[in-house]
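Subject: Structure for you, with notes on helix packing

Dear colleague,

Here is the structure I promised to pass on.

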Amino acid sequence: MKRILIACVNHNSHNELSHFLESVDVAASNVKEICEIVVLIADNSTNIQRIDSEKFASIQCLTYFVKNTGYINSAQEAILNYGKQLLKTFDFTIVSNVDICLAPDFFKYLTFTPTQNVAWIAPRVHTPLSHTEENPYAIHRYSKRKLQLLRYMYAHPHIFMLHKKFTHILIRLKRNRQSSTNSMRTIYAGHGSILIFTQAFVEHIFPFNFPFFLYGEELYFAELARLANMQTIFNPQLYVNNCSAHVSTSKLDYVQICKYGHQAISYILNTYY
């Protein structure tokens, strides 16, 4: 039997959390003979609301109220509270936002995804609001020049906003074209809304020791996978609906976004390039 651990992070997004858990429960009900799914809710909300976990029949659901140390670090705290030693008993560890919904056949396809020398599995992530396919996030490793340009734009928020406005359509068209394949392929990085890690990769990198508050998780884990000589693969059979994209980070103004983005890109450049 495959065991799957999900650490999802909730920040004042209780309606989205409820929809997410419902989708996980439905997907789990379709594989109950071959999969066991445990969901850890890392809740760093300022407005506390408890979820009735007993209504989910096909998953074990546990809530941990944690400090708001950001996306990845909040998920890590929930996992540590659950028990680091238990990680090795799970075939997959998933870190996710709660503004997504899994397809009913998600776990069925995940169980058949190859894991030999694989660190990270990127699913198809569709954002209906912008008609965008978020994966593959990056097929090839970013050049140092591209990261330096990104860092410069983050240091000048008005330039960043203009760049984002004029390149959004081009990025959407590029990713939609790249995601149109129906076969698995090796990529550099997946989208950060849902991170699916194999047991071997988690044993290699946990605790995550994520060095910043928000953003940059795609490049951070891509570099960890590269240094471990392991692959990141895109599997379009794994379908995720990014139904309320950026439900938490959308509350940030662009100056804050640029501050966190600048910190993340600076770290990636200084550490890995």
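At what angle do helix H4 (residues 144-155) and helix H8 (residues 254-272) pack, and how far apart are their axes? In this predicted model, the angle is about 150° and the axes lie 8 Å apart. Angles over 145 degrees count as roughly antiparallel, so H4 is roughly antiparallel to H8. The crossing of H4 past H8 is left-handed.

On the H4 side, the contact is made by Lys-144, Leu-147, Gln-148, Arg-151, Tyr-154 and Ala-155. H8 contributes Ile-257, Cys-258, Gly-261, His-262, Ile-265, Ser-266, Ile-268, Leu-269 and Asn-270. Sorted by class, the residues of this contact are eight nonpolar, five polar and two charged.

H8 also packs with helix H7 (residues 217-227), here at an angle of about 20° and with the axes 10 Å apart. Angles under 35 degrees count as roughly parallel, so H7 is roughly parallel to H8. H7 passes H8 in a left-handed crossing.

Which residues make the contact of H7 with H8? From H7 they are Leu-219, Tyr-220, Glu-223, Leu-224, Arg-226 and Leu-227, and from H8 they are Ile-265, Tyr-267, Ile-268 and Tyr-272. This contact has eight nonpolar residues, two charged ones and no polar ones.

Regards

Note on methods: Residues numbered from 1 in each chain as written. Predicted model: local features only at pLDDT ≥ 70, side-chain atom pairs only at ≥ 80, totals over all residues. Heavy atoms only, no water. Axes fitted to C-alpha atoms, helices over the stretch in contact; angles between N-to-C directions. Helix = DSSP H or I, 4+ residues; strand = E, 2+ residues; numbered from the N terminus. Parallel < 35°, antiparallel > 145°, perpendicular 65-115°, else oblique. Left-handed = near helix turned anticlockwise from the far one by under 90°. Contact = heavy atoms within 4.5 Å. Nonpolar A, V, L, I, M, F, W, Y, C, P; charged D, E, K, R; others polar.
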